[in-house]
Amino acid sequence: MSQIVINGAKALSGEINIQGAKNSVLPVLAATILCDKECHVHNCPDLSDVNTSIKILKQLGCKCARQGNTVSVDSSDMNNYKIPENLMREMRSSVVFLGAIVGKTGKAVISSPGGCELGPRPIDLHLSALNKMGVCIREEHGFLYCDAPEGLYGAEINLSFPSVGATENIILAAVKAKGMTVIHNAAKEPEISDLADFLNSAGARIYGAGSDTVYIHGVEKLSATEHSIIPDRIAAVTYMASAVMTNGKIVINDIMPSHMMAMLSLFYESGCNLKIYKNSLEISRGDKLLRVPKIRSLVYPGFPTDAGPIIISMLTLADGTSMFVENIFENRFRYIDELKRLGAKIKTEGKIAVIEGVSQLLGAPCKATDLRGGAALVCAGLAAKDTTVIGEIGHIERGYENLVDNFKKLGADIYYR
Ligand code: UD1
């Protein structure tokens, strides 16, 4: 199963339930190690990144079991504070374990995460915050050695950029630190609120998550808890864009529309028909798919960078020229050369992509360069005439549960080869 094959140009129809959010489940699984008793995390999607997190938890000495979409973690016998290099390499976001491990044991050793397919991804903000909280950090031979000889203590932290990962790591390190931590200019993404909800349900005292300023009063103990992961807003948008691009009509269930406002506005702007309900929506294309003159990726509640590739893919079929400005990551356009193989007309310069709509895409062999870029190719392949073969699909499986089966259920001719 190393390729996805799509015989495209078939209108999608039907209903789909949206998986739990990848970007929420990873920090929540890391947070389970701070609890003294067994925790049950529901609505965990079956993804390779989740499996890597489970491997990390087991490596640290936690007991983990998965039953359906519930992952149970008991960290009471945790006896290790090192994440081996191979697991760090499998998933760059394993850096979110740093705050949790050091918060639990006062020590941590991880390999430096380095760059990834989106360009350099420094963790300087994570490290300087931990340092302010009493963690001494030494980098040697590609590893980070973290040690808090006096234990962790609360601190006032001003983030120069509202980094999602840094906000998560600081919260994780602060929940059991001595005293109060304040994060100014914190990330406001729904995944931050989900992490805080999980921790608060276990007895943490976190206030203001989801706003600019987060206050964390350290507590001594966190107890057993149960929590259900929020829906994946980026997976939702992927299915929506596919329906629009194939001129279909679908209903997506188990979503939180309030987490998706910037993306929903864009579908309205491009002339789509949208009916929005409490936890579901129906979408189809309007008479024409209209161009969107300018979209800029921004931190939440702005337009999310992760939805950029999917929306760019959709706008390749718009009536006219659209522009996307990528403001969060430096090197996010690698998949665009692959989209062009299907006949997309896109020019990039620096952080700007100019997308000139075409009337039809044509199937072609291509390869996923990263998770969301890979999803953009799937959307394009579903819309394209004839056959598209997508290679290097491991990237896609990091973030989409049952992608191929879900599209089959919606009427697509898609399979693994
Ligand atoms: C998370 C998401 C990712 C999403 C991103 C932005 C997970 C697993 N990943 O990534 O899908 O695209 O948020 O919404 O949740 N930066 C620094 N120094 C730091 C930290 C970040 O310069 O110490 C920069 C990064 O290079 C990047 C920007 O800040 O340019 C945003 O990064 P950040 O918000 O930290 O993203 P991640 O947490 O890595």
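Q: Which strand or helix gives the most to the lining of the second largest pocket?
A: In this predicted model, strand 2 (13–17), helix 8 (233–245) and helix 14 (403–409) each supply at least two residues of that lining. The top contribution is 3 residues, and it comes from strand 2.

Q: Which residues lie nearest the centre of the second largest pocket?
A: The pocket has a volume of about 230 Å³. Its lining is made up of 15 residues. Those nearest the centre are Asn17, Ile18, Gln19, Glu401 and Asn406.

Q: How many of the residues lining the second largest pocket are charged?
A: The lining includes 5 nonpolar and 6 polar residues. The charged residues number 4.

Q: Is Asn253 buried or exposed?
A: Asn253 belongs to strand 14 (residues 249–253). Buried means under 20% relative accessible area. Asn253 has 17% relative accessibility, so it counts as buried.

Q: With which residues is Asn253 in contact, leaving aside its neighbours within four places in sequence?
A: Asn253 is in contact with Asn279 and Ser280, among others.

Q: What is the volume of the largest cavity?
A: The count comes to 1 cavity of 30 Å³ or more. Pro231, Asp232, Arg233, Ile255, Met256, His259 and Met260 line the largest cavity. By class, this lining has 4 nonpolar, 1 polar and 2 charged residues. The volume of the largest cavity is about 30 Å³.

Note on methods: Residues are numbered from 1 along each chain as its sequence is written. This is a predicted model: local features need pLDDT of at least 70, side-chain atom pairs count only at pLDDT 80 or more; totals for chains, interfaces and linings use all residues. Side-chain values use heavy atoms; hydrogens and water are left out. Helices (H or I, at least four residues) and strands (E, at least two) are DSSP runs, numbered from the N terminus. Buried means under 20% relative accessible area, exposed over 50%, partly exposed in between (1.4 Å probe, protein chains only). Contact means heavy atoms within 4.5 Å. On a 1 Å grid over the protein atoms alone, a cavity is a set of points where a 1.4 Å probe fits but cannot get out, and a pocket is an open set with protein on both sides within 12 Å along at least five of seven lines; lining residues have an atom within 4 Å of a point. Grid points are joined across faces, edges and corners, and a volume is the space filled by probe spheres set on the points. Ala, Val, Leu, Ile, Met, Phe, Trp, Tyr, Cys and Pro count as nonpolar, Asp, Glu, Lys and Arg as charged, and the others, Gly among them, as polar.
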